[in-house]
Amino acid sequence: MEKKRLDDYEPGPVPSPRALDRFGFVKQDVSTSDGLGRSRSAYEYARYREERRVRKWRKMIGVGGSDWKHYLRRKPHVVKRRIRKGIPDCLRGLVWQLISGSRDLLLMNPGVYEQLVIYETSASELDIIRDISRTFPSHVFFQQRHGPGQRSLYNVLKAYSVFDRDVGYVQGMGFLAGLLLLYMSEEDAFWLLVALLKGAVHAPMEGLYLAGLPLVQQYLSQFECLVMELLPKLGEHFSNEMINPSMYASQWFITVFSYSFPFHLALRIWDVFLYEGVKIVFKVGLALLKYCHDDLVKLPFEKLIHALKNFPEDAMNPDTLLPLAYSIKISKRLAELKQEYEKKNGKIRRSGELSENPTVPSESN
Amino acid sequence: MGRGAEEEYDYLFKVVLIGDSGVGKSNLLSRFTRNEFCLESKSTIGVEFATRTLEVEGRSVKAQIWDTAGQERYRAITSAYYRGALGALLVYDVTKPTTFENVSRWLKELRDHADANIVIMLIGNKTDLKHLRGVATEDAQGYAEKEGLSFIETSALEATNVEKAFQTILSEIYRIISKKSLSSSHHSASATVKEGKTIAVTQSQPSTTNSLCCTSS
């Protein structure tokens with residue numbers, strides 16, 4: 001792994017030019033992680049298809065997203081199908097804001113973000129600063145010490161920690177914010193974080209970060225049951241080897257696969273995640289286990305843990321992994337398992353609703 | 001996947017790495033297990049795991065080390081990993097006094113969740129940042145003596161004392177284990193671990209290591 005000396009000068013020097021992949025990550029020596037290892041003609045064909053896809057998408061969303069809601073109402077199944085194939089990268093930022101409901105939050109709350117960033121102070125400021133350079137450290141945007149990437153990451157996280165003081169700042173949130181900032185402005189990224197954690201379209205996910213990490217515990221418990229039911233042989237092997245999902249899947253849920261998975265795969269997961277909700281995280285997790293099933297069942301404890309944290313490259317190809325994930329049907333069972341979990345452990349306490357937050361006008365209904 | 005000769009060991013000791021966020025736990029672990037240091041490391045989310053087998057007092061000991069996220073809120077997940085641990089490396093950053101002040105909270109955390117006779121070593125990391133030192137060696141030394149912990153200062157970056165820190169805690173664990181297994185009726189811990197490989201794997205899980213079962217009851 002390449003190493004970089006961090007100096008104490010402010011702002012730091014622009015990192016020396018190193019080979020980057022198409023998303024802006026410093027290329028690792030061996031990896032072909034941008035998934036572009038194709039021949040020239042295949043590449044041109046892919047480009048042609050990509051252009052055709054972008055045209056379709058532009059028509060679907062209209063200028064600046066003006067036709068989106070109309071289209072969504074008329075043809076939700078088309079939208080779902082197209083999103084599952086991947087949102088064109090050049091439209092990703094805009095579409096994410098449309099499907100997550102964050103665009104509406106932004107429009108309803110003019111000036112709020114600025115207020116949070118400039119005038120409020122947060123008890124989490126030092127915690128946030130400590131982690132800034134440890135968030136996507138291999139991405140060119142976040143590498144420069146006190147550069148624009150690090151500054152906007154700090155601002156978004158600080159604003160959120162003020163906006164929701166019960167959540168504050170928790171490690172892992174930086175990866176969500178960082179991923180969003182590669183596709184949108186600070187203010188847009190902030191509202192998308194709000195939409196996710198407060199539940200603008202899907203169930204709120206703030207429980208991932210509240211004291212006790214209650215939603216992480218719930219998801220891990222649900223995931224463990226699903227493994228047992230859908231991949232019984234592997235589930236039994238896990239329990240014999242005393243492997244539980246907290247050893248390998250906490251990061252999957254806490255950062256929605258943005259922590260250590262190939263970026264092009266993380267993006268494809270996020271496309272679906274923002275539209276269909278957290279069940280895609282379960283499905284992708286199960287698909288990974290299913291894909292590697294025959295290897296995993298043979299491995300003893302230590303090798304098993306290693307394998308669960310280092311899936312082979314072919315397993316992480318979105319064009320094989322995602323169709324496999326879509327084929328796993330869990331919605332009904334997931335809901336039942338949630339109820340069972342709540343019966344056992346009580347419902348997750350919601351932190352302050354949007355309307356209870358003094359800095360933000362009510363829009364919780 | 002067969003287990004090669006390098007997988008054989010007399011003892012398996014589970015050790016946890018704890019301490020405030022950003023004190024260098026993950027780099028201590030990577031320095032010890034892979035002799036690597038990464039200046040661009042990410043913050044740890046949840047728990048990580050690594051092992052290394054080494055000679056301790058003439059025996060081969062496999063250290064199974066769990067590296068935990070340091071932020072307080074993560075204790076909801078990480079404290080489960082204290083159970084069954086024979087040793088804890090409690091790390092602070094010699095340039096950040098608050099990380100040293102929080103050591104007492106970590107000790108309480110261990111008292112609440114770990115086995116009562118867990119061996120604890122206090123580690124002051126980042127001694128390479130000499131011009132930024134904020135915690136005097138004597139203060140930490142004094143505190144460690146008062147609390148009955150062993151103490152060492154390390155630099156994961158310069159690879160100073162990292163080996164020694166792990167060696168020391170593993171030796172200490174070994175001495176306690178071997179003393180206990182001598183005085184107890186079943187003193188075949190090492191032999192059992194060596195015999196059946198598959199059993200050894202199951203034993204490697206939290207709170208079920210054979211040496212632990214034999215000695216802590």
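## Chain B at a glance

Chain B folds into nine helices and six strands, where helices (H or I, at least four residues) and strands (E, at least two) are DSSP runs, numbered from the N terminus. This is a predicted model, in which local features need pLDDT of at least 70, side-chain atom pairs count only at pLDDT 80 or more, and totals for chains, interfaces and linings use all residues. Residues are numbered from 1 along each chain as its sequence is written, while chains are lettered from A and ligands numbered from 1 in the order in which they are written.

Of the 217 residues in chain B, 47% are buried. A residue counts as buried if 20 or more other C-beta atoms lie within 10 Å of its own, as exposed if 12 or fewer do, and as partly exposed in between, with C-beta atoms placed from the backbone. Contacts in chain B with a separation of 6 or more come to 72% from residues 24 or more positions apart; two residues are in contact if their C-beta atoms, placed from the backbone, lie within 7 Å.

## The sheet of chain B

Follow the strands of chain B across and you will find an open sheet of six, in the order β2-β3-β1-β4-β5-β6, with mixed pairing. Two strands pair if DSSP finds at least two bridges between them. The edges are taken by β2 (47-56) and β6 (150-153) of chain B, each with a single partner strand, so one side of each has no neighbour in the sheet. From one strand to the next, the twist averages 25°.

Two helices of chain B are worth a look here. Helix α4 (residues 103-113) of chain B lies across β1 (11-18), β4 (87-93) and β5 of chain B, and runs at about 160° to β4(B). Helix α5 (residues 137-147) of chain B lies across β5 and β6 of chain B, running at about 160° to β6(B). For these angles, axes are lines fitted to C-alpha atoms, for helices over the stretch in contact, and the values run from 0 to 180 degrees between N-to-C directions.

## Two loop residues with positive phi

N35(B) has a phi near 55°, a positive value in a residue other than glycine. This residue sits in the loop between α1 (25-34) and β2 of chain B. N35(B) counts as exposed because it has 11 C-beta neighbours inside 10 Å.

K126(B) also deserves a glance: its phi is near 80°, a positive value in a residue other than glycine. The loop that holds K126(B) runs between β5 and α5 of chain B. With 25 C-beta neighbours inside 10 Å, K126(B) counts as buried.

## Chain A and its helices

Chain A has 20 helices and zero strands. Buried residues account for 41% of its 365 residues. Among contacts in chain A between residues at least 6 apart in sequence, 73% link residues at least 24 apart.

UniProt, in an unreviewed entry, lists residues 86-277 of chain A as "domain: Rab-GAP TBC". UniProt positions are given in the numbering used here, feature names are shortened, and annotations may be inferred rather than shown by experiment. The span of residues 86-277 in chain A is 61% helix and 0% strand, and its end C-alpha atoms lie 15 Å apart.

## A hardly covered helix and a buried phenylalanine

Helix α1 (residues 40-61) of chain A has 22 residues, which at 1.5 Å a residue should span 32 Å; its end C-alpha atoms are 31 Å apart, which agrees. The expected span is 1.5 Å times one less than the number of residues. α1(A) is hardly covered, with one buried residue among its 22. Just after α1(A), G62(A) takes a positive phi of about 75°.

F190(A) belongs to helix α11 (residues 186-198) of chain A. F190(A) is buried, with 30 other C-beta atoms within 10 Å. Not counting residues up to four places away in sequence, F190(A) touches Y113(A), V156(A), A159(A) and Y160(A). F190(A) and L106(A) are 84 residues apart in sequence, yet their C-alpha atoms are 9.0 Å apart in space.

## Where the chains meet

The contact takes 33 residues from chain A and 24 residues from chain B. On the side of chain A that touches chain B, the elements giving two or more residues are α7 (125-132), α14 (250-254) and α18 (301-309) of chain A. The largest share, four residues, comes from α18(A).

By class, this side of chain A has 15 nonpolar, nine polar and nine charged residues. Here Ala, Val, Leu, Ile, Met, Phe, Trp, Tyr, Cys and Pro count as nonpolar, Asp, Glu, Lys and Arg as charged, and the others, Gly among them, as polar.
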